[in-house]
Structure formats: structure tokens, C-alpha cells
Amino acid sequence: MNIIILGPQGSGKGTQATNLKERLNLVHIASGDVLRAARASDTELGREVRRYYDAGELVPDAITVRLIIEAIRRTSGSESILLDGFPRTVAQAEALERALMDANEGVDAVIELQAPLETVKARLAGRRICRVCGAVYNVNTKPPRAPGACDLDGGELYQREDDRPEAIERRLAIWARENEQLLAFYACKGIVTTVDADRSPVEVTDDIVAVIEGRGLPVAKR
Ligand code: AMP
């Protein structure tokens, strides 16, 4: 089963993906993580990704599609996949469709996380990430026990370049522009469910699990 989780940056896609991984037997592919790994490499590709990523712009479709399809192909083929942050444009959605069709598959469910703009801006501005393990905190809603240090390993917490105010505004504006068309692309296939993401993470996860269960994916017992 192939599931897409959509929503603006800060709507909680990453948190939900982590929760869903525990409840469902699936592989989580986050385009942001895939692109951050590419960005870190000292290659032509790394430099190209860095140019767009650091400006809060979308990385060109040709690069993004290639890297994500490679990541999908690296999975075993028998696992369900949760795509987070991809597709972001209709061109990416069409490329995904073609790649899945080659394996006689398709997108089975699209979960749209909806939250007020003010909520997502506040979440993004407060987000801090551990340099060592990647754990995510929020200085307002989920602060670490000691300021600036990860609860799990004491690693330094940092703010992503693209979580700074100017980049946040740019990313959200791009998201609003692309999202409408993307939702329309999937809505006419009848596979989109909108979930209210302005609630506690557990409540949101419960709703998503119910949707996915309703579409036939086995759910692990808690
Ligand atoms: P995220 O972690 O999903 O907020 O993504 C961080 C950055 O990675 C974005 O601001 C873009 O520069 C890039 N990115 C992530 N997903 C995509 C995508 N599907 N298409 C193009 N660029 C992307």
C-alpha cells in the first residue's frame, strides 16, 4: 500500500509519520530527509540541491523525482510506503504515478493534514533538531529538559536554515500555490481524507490509523 501524507510545513507530517511507523508496518520516506542527505554531499548534485534548499525554494522536479523514486525502489517491494513531503507538485505526482504503474501499483490513500496558518508558523519558528540523533523539539510546545540539549543524547539542538522567518514565509507561499492543484489531482481519484491537525499528535494519529485501516492496511496491535 502506498500512502501520501500532505500538509503545510509545520502541520506535523514528520511527527505523524514517526507515530504511524510504530502503529503500522510501513517504510517512511521523507523528501526533506532524502534531499538533506543529498545536500550534505560534496558533489555537483549536493551543491545544486543546497542552492534551492537553503533559499527555501523547491528543488527542481527532475532532481527530486529521481532521488525519491530511487529511495522507493530501494524498499523491498512488499512493504507499505508512507511518502512525506513528496509529491509537492502535479508534475511530481504524475512522475510518481508512472513509476508506481511500472510495478503495477498506485497511490492508495492521501491524508491531508489541515491546520491554521498561525499554528504552523509558530510550530516552525519554535522547531529545534538534535545534531546527533535528529530528534525534534519545539521551544514552545515540546522543550528539551535542558535548553539547547537533546534529552536522549545531550546533542546540540539547532534551528534549520529554512525554519528562519523569511524562509518560512517563502515555503508556505510555495506550498499554498502547489497544494491546491495537487489536492485536485488526487481528489478526483477519490482517495483524499482531510484530518484536523490542530489537535494533540495522538488524536491526529488515531484518526489517520482509522482511515488507513478503513482502506485495508493491517494495523499493529498496541
Ligand atoms: P521539508 O523538510 O519537507 O520541509 O523540506 C525541506 C526543503 O526540501 C524544502 O524547502 C525544499 O527545498 C526541499 N523539498 C522537500 N520536498 C521537496 C519536493 N517534493 N520537491 C522539491 N523540493 C522539496
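Select Ala125 to begin: this residue is partly exposed, with a relative accessible area of 38%. Buried means under 20% relative accessible area, exposed means over 50%, and partly exposed is in between, with a 1.4 Å probe and only protein chains counted. Keep in mind that you are looking at a predicted model, where local features need pLDDT of at least 70, side-chain atom pairs count only at pLDDT 80 or more, and totals for chains, interfaces and linings use all residues. Residues are numbered from 1 along each chain as its sequence is written, and side-chain values use heavy atoms, with hydrogens and water left out.

**Around helix α6**

Ala125 sits in helix α6. Helices (H or I, at least four residues) and strands (E, at least two) are DSSP runs, numbered from the N terminus. Now show what Ala125 touches: leaving aside neighbours within four places in sequence, Ala125 is in contact with Gln159, Asp163 and Ile168. Contact here means heavy atoms within 4.5 Å. Next, draw a distance from Ala125 to Gly10; these two are 115 residues apart along the chain, yet their C-alpha atoms are separated by 9.1 Å.

Stay on the helix and pick Leu117, which belongs to α6 (residues 117-126). Leu117 counts as partly exposed, at 44% relative accessibility.

Which residues of α6 are buried? Colour Thr119, Val120, Leu124 and Gly126 to see them. The cover over the buried residues of α6 includes β5 (127-130), β6 (136-138) and α7 (165-187).

**Into the ligand site**

Switch to the ligand and show its shell: 17 residues surround it, and the closest are Ser31, Glu57, Gly85, Gln92 and Arg171. A residue counts as near if one of its heavy atoms lies within 4 Å of the molecule. Colour the shell by type and you get 5 nonpolar, 6 polar and 6 charged residues. In this scheme Ala, Val, Leu, Ile, Met, Phe, Trp, Tyr, Cys and Pro are nonpolar, Asp, Glu, Lys and Arg are charged, and the others, Gly among them, are polar. Helix α2 (residues 31-39) gives the most to the shell, with 4 residues.

Now zoom in on the polar contacts, which are pairs of N or O atoms within 3.5 Å; within protein, one must be able to donate a hydrogen and the other to accept it, and residues adjacent in sequence count only if both atoms are side-chain atoms. A polar side-chain atom of Ser31 is 2.7 Å from a nitrogen atom of the ligand. Another stop is Gln92, where an N or O atom of the side chain lies 2.9 Å from a ligand nitrogen. Arg88 brings a polar side-chain atom to 3.3 Å from a ligand oxygen. How much of the ligand does the protein bury? The ligand taken alone exposes 490 Å², and the protein buries 95% of that. Accessible areas come from the Shrake-Rupley method with a 1.4 Å probe; for residues, only the protein chains shown count as cover.

Pro87 lies in the loop between β3 and α5 (90-102). Then go to Asn104, in the loop between α5 and β4 (109-114). Its phi is near 55°, a positive value in a residue other than glycine. Both are worth a look because most residues other than glycine have a negative phi, and most peptide bonds are trans. Is Asn104 buried or exposed? Asn104 is exposed, with a relative accessible area of 76%.

**Two threonines**

Thr75 is in the loop between α4 (61-73) and β3 (80-84), and is buried at 17% relative accessible area. The side chain of Thr75 reaches the backbone oxygen of Ile72 at 2.6 Å. Not counting residues up to four places away in sequence, Thr75 touches Val27, Ile29 and Ile81.

Finish with Thr205 in helix α8 (residues 201-214). Thr205 counts as buried, at 2% relative accessibility. Beyond its neighbours within four places in sequence, Thr205 is in contact with Gln16, Asn19, Leu20 and Arg23.
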